[in-house]
Amino acid sequence: MALLLRSMLRPAVLSRTQACVVYRHAVPMGTSTKEDMSKFWDKNARLKRPLSPHISIYSWSIPMMMSISHRGTGVALSSGTACPLASLRLTLQSCKKSPETVVTGGT
């Protein structure tokens with residue numbers, strides 16, 4: 001989509017000679033993703049790098065703890081709000097279906 005918009009709008013912004021120069025020098029990518037990934041893994045194996053860093057190499061810091069606690073409290077607040085609202089909605093729906101059981105206590 002972006003390429004389509006660029007190709008439609010660029011001639012309006014640039015003069016015709018500049019637009020031709022831009023398109024003439026466009027070159028397709030030379031390598032594929034598989035080639036790049038194989039080069040990446042070969043280099044990591046050659047240098048004996050670990051697959052991923054373990055959590056033990058990170059030292060705990062205030063921003064890290066604040067980020068984790070912020071995410072945790074966000075999940076707790078959203079679930080603490082959503083669960084009571086869902087139960088209230090279900091209660092109100094059951095009241096709409098059979099209002100006489102709510103008024104008389106089910107007898």
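Modeller: Accessible areas come from the Shrake-Rupley method with a 1.4 Å probe, and for residues only the protein chains shown count as cover. This is a predicted model, in which local features need pLDDT of at least 70, side-chain atom pairs count only at pLDDT 80 or more, and totals for chains, interfaces and linings use all residues. Residues are numbered from 1 along each chain as its sequence is written, and side-chain values use heavy atoms, with hydrogens and water left out.

Biologist: What does the accessible surface of the chain come to?

Modeller: About 10,000 Å², with 68% of that belonging to carbon and sulfur atoms.

Biologist: How many of the residues are buried, as a percentage?

Modeller: Buried means under 20% relative accessible area, exposed over 50%, and partly exposed in between (1.4 Å probe, protein chains only). Of the 107 residues in the chain, 2% are buried.

Biologist: Which elements does the chain have?

Modeller: Helices (H or I, at least four residues) and strands (E, at least two) are DSSP runs, numbered from the N terminus. Here there are five helices and zero strands.

Biologist: Where is confidence lowest, and where highest?

Modeller: pLDDT is the predictor's confidence in each residue, from 0 to 100. Helix 2 (residues 16–24) is lowest, at a mean of 54, and helix 3 (residues 33–46) highest, at 88. The chain mean is 75, with 60% of residues at 70 or more. Where pLDDT is low, the predicted coordinates should not be read in detail.

Biologist: How many aromatic pairs does the structure hold?

Modeller: Rings of Phe, Tyr and Trp (its six-membered ring) pair if their centres lie within 6.5 Å; planes under 30 degrees apart count as stacked, over 60 as edge-to-face and the rest as tilted. The structure holds one such pair. The ring centres of phenylalanine 40 and tryptophan 41 are 5.0 Å apart and the planes are at 75°, so the pair is edge-to-face.
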